[in-house]
Amino acid sequence: MADVPLQPQAPPLPKAKAAPARSAPQQALLKLGLARDIDLALHLPLRWEDETRLVPIATLREGEVAQVQASVRHCQVDERRRRQLVVRVDDGSAELQLRFLHFYATQLKSYAPGVLLRIRGELRFGLFGREMVHPSVKVVQPDTPLPQRLTPVYPASSQLPQAYLRKAVGSALQRAPLGELLPAGLLPPGLPPLREALQLLHQPPPGSDAEALQQRNHPAWQRLKFDELLAQQLAQAEAQRVRAALRAPPLAGAEGGHTLGTRLLQALPFALTAAQQRVVAEIRADLARSQPMHRLLQGDVGSGKTVVAALAAATTIDAGWQCALMAPTEILAEQHFRKLVGWLEPLGLTVAWLTGSRKGRARSKMLALIESGEAPLVVGTHAVIQDDVRFARLALAVVDEQHRFGVVQRLALRAKLGQASGPIDGTSLEPHLLMMSATPIPRTLAMAYFADLDVSTLDELPPGRTPIATRVFADSKRDAVIERIRDEVAAGRQVYWVCPLVEESEHVDLQNATATHAQLSAALPGVRVGLLHGRMPAAEKAAVMQLFSQGEMKLLVATTVIEVGVDVPNASLMVVEHAERFGLAQLHQLRGRVGRGAAASVCVLLYTAPLSPTGKDRLRAMAETNDGFEIARRDLAIRGPGEFLGARQSGDALLRFADLQEDDALLEAARELAPRLWAEAPQAARQQIDRFLGGRAEFLKA
Ligand code: ADP
Ligand code: MG
């Protein structure tokens with residue numbers, strides 16, 4: 001894609017003082033974000049190893065991980081196949097063979113016959129009976145005591161040995177301020193004090209069950225999860241309060257037949273659906289207020305969000321203010337808003353287009369139109385809110401395809417918006433913000449991350465759509481699929497062929513798409529086949545799109561640049577190659593490109609075998625439902641919320657302990673408690689946020 005999404009503004013790094021040089025493990029700690037004692041105290045074990053018990057070798061089952069203690073019978077380097085150290089030991093119950101493919105000469109010496117070893121590893125039955133490959137081994141005396149507690153195993157890194165981390169966590173746990181912040185009676189019943197919970201998880205008492213700890217439903221875990229969710233809800237409540245104090249221009253007043261809004265409705269070739277009418281009313285009510293709107297409009301692909309955006313723009317312009325419409329990339333901005341502009345321009349509106357590729361004189365001209373206020377509508381990519389763009393009176397920003405941005409980008413966007421509107425009439429006014437997304441946010445996710453967001457939903461499609469049938473085939477059926485294309489084209493209809501997305505490499509994408517284009521052109525003589533990919537110059541893309549829209553081009557081979565915004569009602573078949581590589585939401589978006597006309601439409605998902613069980617589940621979900629909400633729900637279940645939110649881009653998972661799927665009861669409790677805590681103990685609320693979120697609290701305000 002040509003446009004780079006907004007990068008968050010990184011806070012300036014503190015100037016380096018003449019601090020003592022840090023050791024490699026210390027630096028590694030910082031890299032993991034473990035700066036404060038409390039951070040270390042909250043760095044919880046991934047798992048626990050039970051080294052408190054010894055198990056007789058004879059009782060071990062295949063695949064069991066256990067600790068045994070046995071004397072060396074024999075130790076030698078085996079040179080026959082791969083050079084390896086082979087040690088035979090015996091604990092009186094049975095013999096066991098240890099094999100080391102990497103070893104030091106000192107091991108050979110210290111594992112002398114008669115020496116007692118404490119060995120921990122996984123038992124296998126090999127060619128020579130019981131064996132363990134690369135167990136951990138310690139030379140011991142018969143009276144060397146066993147540890148009393150389970151041994152924690154932490155998320156570590158190559159620079160950060162477990163032993164170092166264990167020590168660091170242990171001493172941080174002593175120092176960290178872990179006093180109870182919640183007034184007595186406010187904590188849900190059954191949860192232990194935080195200090196106790198952490199002590200237990202880091203240093204499980206003798207006799208603890210490693211399995212139960214692993215399951216993460218132990219009360220100690222519950223306490224941590226609750227505290228984390230509470231911190232997050234507190235941070236959001238604060239963000240909400242901050243927003244309530246902001247001011248925006250109220251956009252209302254203009255009424256009657258001469259307004260842009262009324263004329264637009266009259267000019268539309270269709271009537272609004274009931275859902276569209278409801279949503280437009282919700283948005284207008286928000287715009288009439290003097291607090292900035294912060295609303296998400298979610299609606300399935302094809303539910304008609306664009307016209308809602310156009311009506312919101314009209315309300316803004318009728319009130320005498322400017323509106324900016326943004327899409328994540330240039331091609332999307334073109335395709336998305338061309339229709340909208342096509343509705344509004346004939347009504348006498350000056351529209352400014354701002355995209356990354358518009359440079360020089362053309363750009364200066366647009367900037368002047370925006371700065372003078374001559375252009376009440378500005379359309380483009382996020383280039384629209386770059387530093388050198390000055391709006392005369394920006395009052396509404398609409399961001400389309402919001403789901404393609406991560407939380408961090410959303411935050412940066414809001415910061416930029418604040419700057420773009422600038423001080424007006426001596427007061428600092430914020431523009432209203434409308435975000436649109438075809439990927440609905442599941443309820444738990446909305447509660448956890450978007451508490452600061454009002455949501456409108458288009459839950460109805462415009463009339464006259466034919467449902468899309470989705471079929472899943474192995475790539476070996478490719479020839480049959482090509483036959484189907486021939487039939488479709490012969491019947492006068494058009495076809496999309498979507499090539500896989502190879503992450504990291506646009507170059508490989510291009511090669512694949514080009515090869516597929518050649519292959520399909522050869523297989524379908526007489527059919528005009530076009531190619532569209534992200535690297536093409538904008539003008540060339542537009543030319544290809546135009547040929548396809550006009551029906552001159554029958555088959556369009558494309559990378560995912562067509563994901564959103566393309567509207568060709570005559571297209572009735574879509575083939576997605578390597579469908580297993582796409583996200584469900586993305587497939588759903590793609591599929592929405594067909595089924596826009598009266599003809600029955602089909603989406604073929606081709607996959608390359610073998611498919612993982614999850615991969616099968618995902619494609620099955622696509623075939624089973626056309627409902628974007630249901631798909632989003634399943635996507636969340638399969639992938640987890642991190643990826644869903646684009647947290648992968650931000651490199652920071654937002655919840656470390658709680659799981660939104662499982663912990664909704666705790667989430668409800670935290671949601672209830674947050675406002676009370678702010679009211680009754682604001683100091684504690686602030687400390688709770690700092691304790692759990694530290695510098696990460698910023699993410700949650702987005
Ligand atoms: P999306 O919500 O995916 O952005 P669009 O706004 O692109 O959907 O709308 C999809 C198509 O439906 C467009 O061609 C649009 O003009 C048309 N459309 C929108 N609203 C209606 C309606 N109420 N009746 C009929 N067609 C509509
Ligand atoms: Mg759209």
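Trainee: Is Arg124 buried, exposed or partly exposed?
Mentor: Arg124 counts as partly exposed, at 37% relative accessibility. Buried means under 20% relative accessible area, exposed over 50%, and partly exposed in between, with a 1.4 Å probe and protein chains only.

Trainee: What should I know about the model and the numbering?
Mentor: This is a predicted model, where local features need pLDDT of at least 70 and side-chain atom pairs count only at pLDDT 80 or more, while totals for chains, interfaces and linings use all residues. Residues are numbered from 1 along each chain as its sequence is written, chains are lettered from A and ligands numbered from 1 in the order in which they are written, and side-chain values use heavy atoms, with hydrogens and water left out.

Trainee: Back to Arg124. Which residue forms a salt bridge with Arg124?
Mentor: Glu62 does, with the closest N and O atoms 2.8 Å apart. Glu62 lies in the loop between β1 (47–49) and β2 (65–78) and Arg124 in strand β6, so the pair ties together parts that are 62 residues apart in sequence. Glu62 is partly exposed, with a relative accessible area of 44%. A salt bridge here is a side-chain nitrogen of Lys or Arg within 4 Å of a carboxyl oxygen of Asp or Glu. Helices (H or I, at least four residues) and strands (E, at least two) are DSSP runs, numbered from the N terminus.

Trainee: How many salt bridges does that rule give?
Mentor: The count comes to 29. One of them joins the side chains of Arg47 and Glu49 at 2.9 Å, N to O. Arg47 is partly exposed at 38% relative accessible area, whereas Glu49 counts as buried at 17%.

Trainee: What about helix α19, which residues there pair up?
Mentor: Asp617 and Arg620 meet in a salt bridge, 3.5 Å from N to O. Both lie in helix α19 (residues 613–624), 3 residues apart, about one turn of the helix. Asp617 is partly exposed at 38% relative accessibility, and Arg620 is partly exposed at 43%.

Trainee: And which residues are linked in a network?
Mentor: Arg278, Glu282, Asp286, Arg289, Arg295 and Asp459 are linked by salt bridges.

Trainee: Switching to strands. How do β6 and β7 run, parallel or antiparallel?
Mentor: Antiparallel, with 3 bridges joining β6 (residues 124–126) to β7. A hairpin of 2 residues connects β6 to β7, and Phe125 stands opposite Arg130 in β7. Two strands pair if DSSP finds at least two bridges between them.

Trainee: What does β4 do with β7?
Mentor: Strand β4 (residues 95–100) runs parallel to β7 (residues 129–133), and 3 bridges join them. Arg99 stands opposite Val133 in β7.

Trainee: Next, the core. Which residues touch the most other members of the largest one?
Mentor: Leu325, Leu340, Leu377 and Leu434, out of 45 residues. Helix α10 (residues 305–318) supplies the largest share of this core, 9 residues. A nonpolar core is a set of buried Ala, Val, Leu, Ile, Met, Phe, Trp, Tyr and Cys residues joined through side-chain atoms within 4.5 Å.

Trainee: What is Leu325 in contact with?
Mentor: Leaving aside neighbours within four places in sequence, its contacts include Ala309, Phe337, Leu340 and Val398. Contact means heavy atoms within 4.5 Å.

Trainee: How many disulfides are there?
Mentor: A search of the whole structure finds 0, a disulfide being a pair of cysteine sulfur atoms within 2.5 Å. Cys323 is buried at 0% relative accessible area, and Cys499 counts as buried at 1%.
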